[in-house]
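Here is a short report on a protein model. Look over the sequence and the structure first, then read on.

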Amino acid sequence: NFGADKYGRQAMTPYQVRDLVTTAYATLTTGTEATLLAGVSGVNFDMVYVGCSTDSVVAAGTNPTAITVDIREVRTGGIVATVNVPYDSIAGFAPPVPYPQSGSGDAWTADLNDITGTNVYVSALFIKN
C-alpha cells in the first residue's frame, strides 16, 4: 500500500515527512506510570526513538546502579521496550523498524521502579500512521 502525506508526498520509514513526526517528553520521579504521548482517536503513533537521562544521587558508601525505564504502548499494558540508564548518564535506542502501536487512541507511557532522589527524563520520537 502506498502511504502519502496531505501533500501527496510518499511517506517512507524511517525518514518521515515533517508533519508525520511527533515528539514526546516526560519526567519520571516515582514509580507511577507517566504518559509519554497522549493517544489520539484514529491515529497510531509508532515509536522510532527513545532516550532517557537521569540525575540520580547516590548516598556515600553505596554502589550506583542502573535505572530501568519501561516503555508501554498502552497504559498499564505490556512492556514493549526497556531502557537501562546508567547512574548519572544517558541511554537510548532507535529500533531498526518502528515499534508499532497496536490500537489508535492509546497513550504511550514510561515507568520505573519507585526510587527516591532520582529524576528520569524521557524523550521520544513517533511517526503518525
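Where is the place of Ala26? Ala26 sits in strand β1. Strands (E, at least two residues) and helices (H or I, at least four) are DSSP runs, numbered from the N terminus.

## Model and conventions

This is a predicted model; local features need pLDDT of at least 70, side-chain atom pairs count only at pLDDT 80 or more, and totals for chains, interfaces and linings use all residues. Residues are numbered from 1 along each chain as its sequence is written, and side-chain values use heavy atoms, with hydrogens and water left out.

## Overall fold

The protein has 8 strands and 0 helices. Along the sequence the pattern reads β-β-β-β-β-β-β-β. Of its 129 residues, 36% count as buried. Buried means under 20% relative accessible area, exposed over 50%, and partly exposed in between (1.4 Å probe, protein chains only).

Take the contacts with a separation of 6 or more: 74% of them join residues 24 or more positions apart. Contact means heavy atoms within 4.5 Å. The protein exposes about 7300 Å², and carbon and sulfur atoms supply 52% of that area. Accessible areas come from the Shrake-Rupley method with a 1.4 Å probe; for residues, only the protein chains shown count as cover.

## Strand β1

Ala26 counts as buried because its relative accessibility is 6%. Not counting residues up to four places away in sequence, Ala26 touches Thr35, Leu36, Val120, Tyr121 and Val122. Ala26 and Ala124 are 98 residues apart in sequence, yet their C-alpha atoms are 9.1 Å apart in space.

Thr22 is also in β1, which spans residues 21–28. Thr22 counts as buried because its relative accessibility is 15%. Neighbours within four places in sequence aside, Thr22 contacts Leu37, Phe45, Ala124, Leu125, Phe126 and Lys128.

Ile67 has Val85 as its bridge partner in β5, and Arg72 stands opposite Ile79.

The hairpin of β4 and β5 has 6 residues between the strands. Thr76 is found in that loop. Thr76 has a positive phi of about 55 degrees although it is not a glycine. Most residues other than glycine have a negative phi. Is Thr76 buried or exposed? Thr76 counts as exposed because its relative accessibility is 66%.

## Nonpolar core

How many residues has the largest nonpolar core? It has 24, and those with the most contacts inside it are Val69, Ile71, Val122 and Phe126. β1, β2 (34–37), β3 (45–54), β4, β5, β7 and β8 (120–128) each supply at least two residues of this core. A nonpolar core is a set of buried Ala, Val, Leu, Ile, Met, Phe, Trp, Tyr and Cys residues joined through side-chain atoms within 4.5 Å.

## Salt bridge

The structure holds 1 salt bridge. It joins the side chains of Arg72 and Asp111 (3.6 Å, N to O). The pair links distant parts of the chain: Arg72 is in β4, Asp111 is in β7, and they are 39 residues apart. Both Arg72 and Asp111 are buried. A salt bridge is a side-chain nitrogen of Lys or Arg within 4 Å of a carboxyl oxygen of Asp or Glu. Side chains of opposite charge can pair when their charged atoms come close.

## Surface patch

Which residues make the nonpolar surface patch of about 210 Å²? Val21, Tyr49 and Leu125 make it. Patches consist of residues with over 30% relative accessible area and no salt bridge; like charges are joined within 9 Å, nonpolar side chains (Val, Leu, Ile, Met, Phe, Trp, Tyr) within 5 Å. Tyr49 lies in β3. Tyr49 counts as partly exposed because its relative accessibility is 33%.

Terms used. Two strands pair if DSSP finds at least two bridges between them.
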